[in-house]
Amino acid sequence: MSGRIVLISERDDDRKFFAELASEAALEFHNPPILTDLKGMLQIFGNPGESFVFWATDVGTAADSIPRQEMAETLSKSIGSEFVFMVSDQPIYELDHLTQSFFYSHHLTRKFDAKLAVLLKRFFKAGEGNRWINLHDFLSEGAPQSQPLTLISSTHRKAACDAVQNVLSKRGVNPRISSLIAQGVDELLMNSIFDAPRKSDGKPYRNYVPRTDVFYLDDKERVTLEMGFTETHFTFSVTDQFGSLDRKIVQRFIKKDYSGTEYVVREDKSGAGLGVYGLIQTGVSLIYVVKPGVMTRAILYVPLVNSYKEYRSTFQFISFIFL
Amino acid sequence: MLKIKPERAGTALVLKLEGEIDETFDLTKLLPGYPPEMQVNCRGVNRINSVGVKAWIGYFQKVPPVVKLSFTECSPAIVEQFNLIKNFKCSGEVISICVPFMCKKCAKNVINVFEVKALQASKCALPPVKCPCGGEAEFDDIPEEFFGFIST
């Protein structure tokens, strides 16, 4: 592997983790002084694909004092957002400046462990040649992967969720975690079946359909579910063939706070607007890969843990990769 | 699929829920009107999706204030919603919740039911819990998160 990790942070724990990660991934490691001039940083970043930038974005720190707008422009002109990872102690929904901007593709919480290192190394590998597309990019070589399951009817959703829960139960996964994942897959399938479909003029045509409606999915509307398993994590991917995911809308749902503000039931809408909110709040990691007009793939990433407490204590990751 | 088992307990109607709550959740089909007292037992609810949450709030927020509404033995999936959605319990009172534990010896999951009032009085300090195998079981969640709705 070639390239470098550029860390924009003054924290020792960041330095330690990313220096070790760079070494394991055979990448160079740079930790330039904070507040260096942006032109200088541009030189360190190099060309697209040469650097993976990890930027500590905790509010009030030195790394946070870099003018964000200027930095965002610098990053978009140089390496491209898909190589920019924001790092913070807080989950993304607590950081307004991240839920309202789009110059980065990834956010991760600072809970460094070996499982996170494995995931990031998969990202580095998948990022080579800019082909961040398939579920198997996030799996180790030879890792078991299920046969893709193609949903051809709206009624298949429930059976697919039950299948996910059964597979996880058979693998001895904590029942609360397997329920959470089945629920997560349910939300992703609903998004693919009801929210993704677009007419040729780009307008949605299924989002107002009641979720109880029974209908067949034509060739273009079919949704694929895949599952993969490794020694460190499980992955579940749901793919539609529209590529209509709007990052702004997803981030708007992420930043909602229904624990402080009442949820208002809107009878005029068929969806609830709670799917992504619930997933992110319960610690799920998500990777969205979008080819506009062609496909949206949502990959749900679950670290292999022994208990629910351990699950809630591990890192959380969210990515938006637009091809 | 959600199973709903109605039972009478004096003037109260007890509804035992078991399974998944989803877009099909609709108690109006089962209950044409409202009893003076409604106890909803949620021990058997293992998951609830977003449209299930919407249907739940849509139903329970219409329960007239004169109806004494309460939720008992709420499973962790339901407790999660109390923490995520401020008005998930609507006008109801949460009487008791199922608290998850994991055995340190055999790694089995153990559920113990606690009264919410007792948890409030003890500031959510939990007594020692034994697994049927004899091993010590520890609380399997993050206290500030799981008991968040009790302290607020």
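A: Helices (H or I, at least four residues) and strands (E, at least two) are runs assigned by DSSP, and they are numbered from the N terminus. This is a predicted model, in which local features need pLDDT of at least 70 and side-chain atom pairs count only at pLDDT 80 or more, while totals for chains, interfaces and linings use all residues. Residues are numbered from 1 along each chain as its sequence is written, chains are lettered from A in the order in which they are written, and side-chain values use heavy atoms, with hydrogens and water left out.

Q: Ok, where is B:Cys124?
A: B:Cys124 sits in the loop that runs between α3 (116–121) and β8 (129–130) of chain B. Its phi is positive, about 65°, although B:Cys124 is not a glycine.

Q: And is B:Cys124 buried or exposed?
A: B:Cys124 is buried, with a relative accessible area of 18%, where buried means under 20%, exposed means over 50% and partly exposed lies in between (1.4 Å probe, protein chains only).

Q: What about B:Cys90, where is that one?
A: B:Cys90 is placed in the loop between α2 (76–84) and β5 (93–94) of chain B. Its phi is near 50°, a positive value in a residue other than glycine, and B:Cys90 is partly exposed, at a relative accessible area of 22%.

Q: Switching topic: how many residues of chain A are in contact with chain B?
A: On the chain A side 42 residues are in contact with 33 residues of chain B, contact being heavy atoms within 4.5 Å. The area buried between the two chains is about 2900 Å², and carbon and sulfur atoms give 51% of that; buried area is the accessible area (1.4 Å probe) that two parts lose on being put together, summed over both.

Q: Which residues of chain A lose the most area to chain B?
A: Those are A:Arg176, A:Tyr263 and A:Lys309, which together make up 19% of what that side buries. A:Arg176 also meets B:Asp141 in a salt bridge between their side chains (2.8 Å, N to O), a term for a side-chain nitrogen of Lys or Arg within 4 Å of a carboxyl oxygen of Asp or Glu. Between chain A and chain B the count is 6 salt bridges.

Q: Which elements of chain A give two or more residues to that side?
A: They are α6 (156–170), α7 (175–195), α9 (275–281) and α10 (308–313) of chain A, and α7(A) gives the most, with 9 residues.

Q: Now A:Thr282, what is it in contact with?
A: Leaving aside neighbours within four places in sequence, A:Thr282 is in contact with A:Leu180, A:Tyr311, A:Arg312, B:Glu80 and B:Leu84. A:Thr282 lies in the loop between α9 and β9 of chain A and is buried, with a relative accessible area of 5%.

Q: Last one: which residues of helix α8 of chain A are buried?
A: In α8 (residues 247–254) the buried residues are A:Arg247, A:Val250, A:Gln251 and A:Ile254. They cover an arc of only 95° around the axis, which puts them on the same side of α8(A); the arc is that of the directions from the helix axis to the C-beta atoms.

Q: And what do those buried residues pack against?
A: The buried residues of α8(A) pack against α4 (96–99), α9, β9 (285–291) and β11 (317–322) of chain A, whereas on the other side of the helix A:Lys248 and A:Arg252 are exposed.
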